[in-house]
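Trainee: I'm new to this structure and would like a close look at a single part. Could you walk me through how the strands are arranged and what sits around them?

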Amino acid sequence: MIRDARVLRAGFVPREVEHRDAEVNHLSSVLEPITNGEPADTAIVTGPSGAGKTCISKFVTERLREEVLDVQTTYVNCWRNYTRFRTLYQILDDLGATIDIHRQSTPHDELVDRLQQHDGPRTVVILDEVDQLEDPSVIYDLHSLPQFAIICIANKEEELFGRVDDRLVSRLRSSEHVRMDKYHDEQLYDILSARAKWGLDEDVITDDQLYRIADAAAGDARLAIGILRTAASKADRENHERITDDILLDAAEDARAQIKQKSLDSLTPHQRVVYDIVRDHGPIGPSEIHEQYAEEVDDPRTKRTVRTYLSKMAQYNLLEAEGTSRDREYSLVDSAAASPMQ
Ligand SMILES: Nc1ncnc2c1ncn2[C@@H]1O[C@H](COP(=O)(O)OP(=O)(O)OP(=O)(O)O)[C@@H](O)[C@H]1O
């Protein structure tokens, strides 16, 4: 049943991407100067979860590496590496320059110095989930080093700009901006169909079933591929020759639950405190959330930062917001209300 499980995994970058030619070309043109050994502008890539931001960024940098010998690329998930130290360390580690750096005692400036002294090939740094950095000055650190080109990935531009200081905002505003929207059902169908072709044996799933997955995923390619993967692995486990409609019905719910658990596991300790407050007391407004949060943690972040936590959790379908910005309240997402598989 499963021909190649890799193509059904969430982080897989396909040889061909579907329906994002304009975005691929735009991002490639921003990085183009690198092919001549010149510095490239910073690129900002935004869009909702599952719009293909990470996939397109990795696809473009991979292609660049195929075309040019003297280019290196590195990828940092800033949600996982949310401090300035961890992000800088991760980049240096990828460049093989972390020998003798002590995690406890090495100052930031020394890490930046190391990056500055890096005399390897020009390097494209993908900063994914960049709006999750506790201290966004790391963008500034990199921005000032011409041998590094940066791709900043975030859900929303405002969230990124709202947290960085004025000098960086003005630089980022003049950066190239690649915007991505949710996929339409037809586009999701094409993405799914390509994955099914490479990942599954023939006739394991029908076109009609693929359309139903696309419909249930509501524009989110991560969820769509997650449903396909969950359904295929269950059918395989249970020794079916094809994916049955019954399996498909359960797969949507299971895939949503898996993605939700992954997002919950990604929360930083402070974000988790905020999530638990909403879980226990929602619907609840941001001011009240901040009050309770400030009582529960030792070094509370600002109200603005907590608002970005709430917005991020809403983007990832962990929380939902109701009301206008003045009377907004947050509560947990009611999973049962998500668009069901028909
Ligand atoms: N245009 C596309 N063609 C083929 N596969 C795609 C395309 N867009 C997205 N995908 C696939 O969909 C999945 C989700 O995409 P991706 O991780 O890039 O989304 P994202 O916008 O970065 O989401 P998030 O903000 O949640 O990280 C990945 O498996 C990716 O390979």
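Mentor: Let's start with the sheet and then turn to the cores.

Keep in mind that this is a predicted model. The sheet is open and built from five strands, running in the order E2-E3-E4-E1-E5, with parallel pairing. At its edges you'll find strand E2 (71–77) and strand E5 (176–179), each of which pairs on one side only. Going from one strand to the next, the twist averages 15°.

Strand E1 (residues 43–46) pairs with E5 in the parallel sense, over four bridges.

Next, the nonpolar cores. The largest one has 33 residues, and Leu-200, Ile-213, Ile-227, Leu-228 and Ile-243 have the most contacts inside it. Helix H8 (185–199), helix H9 (207–217), helix H10 (221–237) and helix H11 (245–266) each supply at least two of its residues, and H10 gives the largest share, nine residues. A second, separate core holds 32 residues, including Cys-78, Ile-91, Leu-133 and Leu-172.

Leaving aside its neighbours within four places in sequence, Ile-213 is in contact with Leu-192, Ile-205, Ala-224, Ile-227, Leu-228, Leu-248 and Met-341.

Definitions and conventions: Residues are numbered from 1 along each chain as its sequence is written. This is a predicted model: local features need pLDDT of at least 70, side-chain atom pairs count only at pLDDT 80 or more; totals for chains, interfaces and linings use all residues. Side-chain values use heavy atoms; hydrogens and water are left out. A nonpolar core is a set of buried Ala, Val, Leu, Ile, Met, Phe, Trp, Tyr and Cys residues joined through side-chain atoms within 4.5 Å. Buried means under 20% relative accessible area, exposed over 50%, partly exposed in between (1.4 Å probe, protein chains only). Contact means heavy atoms within 4.5 Å. Two strands pair if DSSP finds at least two bridges between them. Axes are lines fitted to C-alpha atoms, for helices over the stretch in contact, and angles run from 0 to 180 degrees between N-to-C directions.
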